[in-house]
Amino acid sequence: MSMHPARLVRRPLAAAMLLALAVPGAAMAQSDREKELEARVAELERQVQALLTTQQQQAAQPAAPAVPAGKQPVQATTITPNANPGTTFSYTGFIKMDAMVTETSDGRIADGSSGRLFYVPSTIPVGGAGAGGGDPYTDFHAQFSRFGLGVDHVTANGDKFKGYVEADFFGGGSNALAGNETATNTYAVTLRHAYVSWNNWLAGQTWSNFMDVAALPDAVDFVGPTDGTVFVRQAQVRYTKGPWSVSLENPQTTVNPYLSAAARFNSGDNVLPDLTARWLTKGDWGHFTVAGLVRQFKWLDETETGAALSVSGKFNLGASDDIRWAVNGGSGIGRYLAFGIGSDVVVDANGALHAQDGYGGFVAWRHVFSPKVRTNLMYAASHFDNDTSLTGYGATERTQSFHANLIYSPFPKLDVGAEISYGQRSLEDDREGDLKRLHTSIKYSF
């Protein structure tokens, strides 16, 4: 039979007291020994009480999950040792292989260029008589596979912090030998997003506040209706409050030299950041948003200003259909539209800058046949009002494209898709080139 620890330590004291009563003469002799014994008993009682308190605290805590015999936990300690206590970590991304057959009317798109990997309207070749083309060519790649690392933390006061870094492999070869298609097909890691947010504030590189990511169609291609899409990622400082958001973003000016559209270059002379503002409303019906952009253009000592507007959204049509759309336009919208299909400014004979007017848009219909099968139809276009006395007749005047796809998901997070595309680019001198493409992909998200 077990006995309470406190009872065990009290027995020596009781024995000493009995001895003193039985032998009076021994009382004085035992006095010093009793005091010493009492001190020991007091110390033992203190230790026992501390032990009992520890046992009670351990019993109040939830039991750790049992580890099966012979197995060790995957992670015994936190994987974010330098983070605030309570920080959560996430790892996301997807693996995607693209395979496509392309036919262009006026010569091939240069091997290794972005237009060989996805639809980029500015890369469609346009030539005169005898330009060649017409023979199809095939490309396989996995460069758009990506991964993202995120950390989230909420303080005791309710302040929300988030850090996120995302990368893919659309960065070309890491060196001249490793990054070609002869043997290794090695490609460098490319930064997509890198930002931190604190409550309503965001600082770092991510989608421009002028871009409506939620309106992008469900495409097999990297973008799909690129011609009319605002598509920019860049460093910025953004503030969001309710339906409103404003940002100061990295400035960059694309310049078309006088009478030389093919010699376009970027100017790094900007002083003022690009300013954007957005208003958003959303509900079960979808979303609707309006965004504005104000820019300063600068090259050497010359400056110019421009402004643009974007209206876009998504409308849900029942449980199986939706319409996604965007209309974008303005003075100096160049590098924000269709991967910079047009220049921001053109230089006149005296070196002065003139903002280029351009506009574009897209519309896409999505239909879900079943949880495993869906389809998308898309049309996109862009147009630029070039002053041919400044740009010459080799500048792109307009582009347009049609896309139709079918995506099959045999298992959750696994998509097998096929998309047919037709794109056309027209110059100011009425020359045109077109692109036909069958694009297939296999994508597994995690």
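Student: What makes residues of the lining of the second largest pocket nonpolar, polar or charged?
Tutor: The class follows from residue type: Ala, Val, Leu, Ile, Met, Phe, Trp, Tyr, Cys and Pro count as nonpolar, Asp, Glu, Lys and Arg as charged, and the others, Gly among them, as polar. On that basis this lining divides into 12 nonpolar, two polar and 10 charged residues. Among the 24 lining residues, Arg146, Pro217, Ala219, Phe222 and Lys443 lie nearest the centre of the pocket. Strand E1 (88-104), E20 and strand E21 (432-445) each give two or more residues to this lining. The model is predicted: local features need pLDDT of at least 70, side-chain atom pairs count only at pLDDT 80 or more, and totals for chains, interfaces and linings use all residues. Residues are numbered from 1 along each chain as its sequence is written, and side-chain values use heavy atoms, without hydrogens and water.

Student: Why is a space called a pocket or a cavity?
Tutor: On a 1 Å grid over the protein atoms alone, a cavity is a set of points where a 1.4 Å probe fits but cannot get out, whereas a pocket is an open set with protein on both sides within 12 Å along at least five of seven lines; lining residues have an atom within 4 Å of a point. The second largest pocket has a volume of about 690 Å³, and the largest pocket holds about 990 Å³. Of the 41 residues that line the largest pocket, Ser122, Arg264, Phe339, Gly340 and Ile341 are the closest to its centre. Its lining comprises 16 nonpolar, 19 polar and six charged residues.

Student: How many cavities of 30 Å³ or more are there?
Tutor: The count is one, and the largest cavity has a volume of about 70 Å³. Its lining includes Met211, Asp212 and Phe362. Strand E13 (302-317) and strand E14 (321-331) are the elements that give two or more residues to that lining. By class, the lining has six nonpolar, four polar and one charged residue.

Student: Why is Lys443 said to lie over the face of Phe94?
Tutor: A charge sits over a ring if NZ of Lys or CZ of Arg is within 6 Å of the ring centre and within 35 degrees of the ring normal. Lys443 lies at 4.4 Å from the ring centre of Phe94, over its face, and therefore meets the rule.

Student: What links Phe118, Phe144, Phe170, Trp207, Phe222, Phe231 and Phe339 into a cluster?
Tutor: Ring pairs link these residues. Rings of Phe, Tyr and Trp (its six-membered ring) pair if their centres lie within 6.5 Å. The structure holds 21 such aromatic pairs.

Technical notes:
Phe/Tyr/Trp six-rings, centres within 6.5 Å; stacked < 30°, edge-to-face > 60°. Points joined across faces, edges and corners; volume = space filled by probe spheres on them. Helix = DSSP H or I, 4+ residues; strand = E, 2+ residues; numbered from the N terminus.
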